[in-house]
Amino acid sequence: PELLVGAGTVLTPENLKAAKDCGAKFCVSPGLNPDILERARRLEIPFVPGVCNPSAIEQGLAMGCRVLKFFPAEAVGGVKMLKALAGPYGHMGVRFIPTGGVNMDNLADYLSLDVVIAVGGTWIAKKEDLVEGRWQEIKQRCKVVVKKVAAGKEPKNSPVH
């Protein structure tokens, strides 16, 4: 019951409508397409467009987006790039969801940034695992991720009670 289902790689208005009809509570895309963003508003489904540079961030902000997918995160500079982007844009309330190269090894680095509200990646539920019904493997990866995220939220240098 706590699962929030979204749809990724929404590239067309038809993808968007199908995702909503199938029960998606939000959608994401790798880029910022103003037509799809407007259609999402009309359909009243939260939409997170993808960006990877200052111009796209400014376009998203101008269109009222305060949550943006940062894609492809690792290919365009990863944590270092997000830190650089936080300088001029962090005070505007923009937050990012990095995807594309995020994995178990760099997950905590991304989540340590104030401008990052979530991360995503197919590494949690790989396509072949979904096709072959390897639900226990997906469940186990999810547990490891939840544990790692929870560990990263503990205050540093504080006694454990």
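This is a predicted model: local features need pLDDT of at least 70, side-chain atom pairs count only at pLDDT 80 or more; totals for chains, interfaces and linings use all residues.
Colleague: Glad to join you! How much space lies in the largest pocket?

Modeller: Welcome! Rolling a probe the size of a water molecule over the atoms shows where empty space is left. For the largest pocket, that space comes to about 1,500 Å³.

Colleague: Which element gives the most to the lining of the largest pocket?

Modeller: The lining has 37 residues, and those closest to the pocket centre include Phe-26 and Ile-124. Several elements supply at least two residues each, among them β1 (6–7), β2 (26–28) and α5 (107–111). Another of these is α6 (127–131). With five residues, the element that gives the most is α7.

Colleague: How many residues of that lining are nonpolar, polar and charged?

Modeller: Start with the charged residues of the lining, which number four. A further 10 are polar. That leaves the nonpolar group, which has 23.

Colleague: Now the sheet: which strands are at its edges?

Modeller: This is an open sheet of three strands with parallel pairing, in the order β4-β5-β6. An edge strand here pairs on one side only. The edge strands are β4 (50–51) and β6 (95–98).

Colleague: Which residue in β5 is the bridge partner of Val-51?

Modeller: β4 pairs with β5 (residues 67–70) in the parallel sense, over two bridges. For Val-51, the bridge partner in β5 is Phe-70.

Colleague: And at what angle to β5 does helix α4 run?

Modeller: Look for α4 at residues 78–89. This helix lies across β5 and β6, and its angle to β5 is about 150°.

Terms used
Residues are numbered from 1 along each chain as its sequence is written. Side-chain values use heavy atoms; hydrogens and water are left out. On a 1 Å grid over the protein atoms alone, a cavity is a set of points where a 1.4 Å probe fits but cannot get out, and a pocket is an open set with protein on both sides within 12 Å along at least five of seven lines; lining residues have an atom within 4 Å of a point. Grid points are joined across faces, edges and corners, and a volume is the space filled by probe spheres set on the points. Helices (H or I, at least four residues) and strands (E, at least two) are DSSP runs, numbered from the N terminus. Ala, Val, Leu, Ile, Met, Phe, Trp, Tyr, Cys and Pro count as nonpolar, Asp, Glu, Lys and Arg as charged, and the others, Gly among them, as polar. Two strands pair if DSSP finds at least two bridges between them. Contact means heavy atoms within 4.5 Å. Axes are lines fitted to C-alpha atoms, for helices over the stretch in contact, and angles run from 0 to 180 degrees between N-to-C directions.
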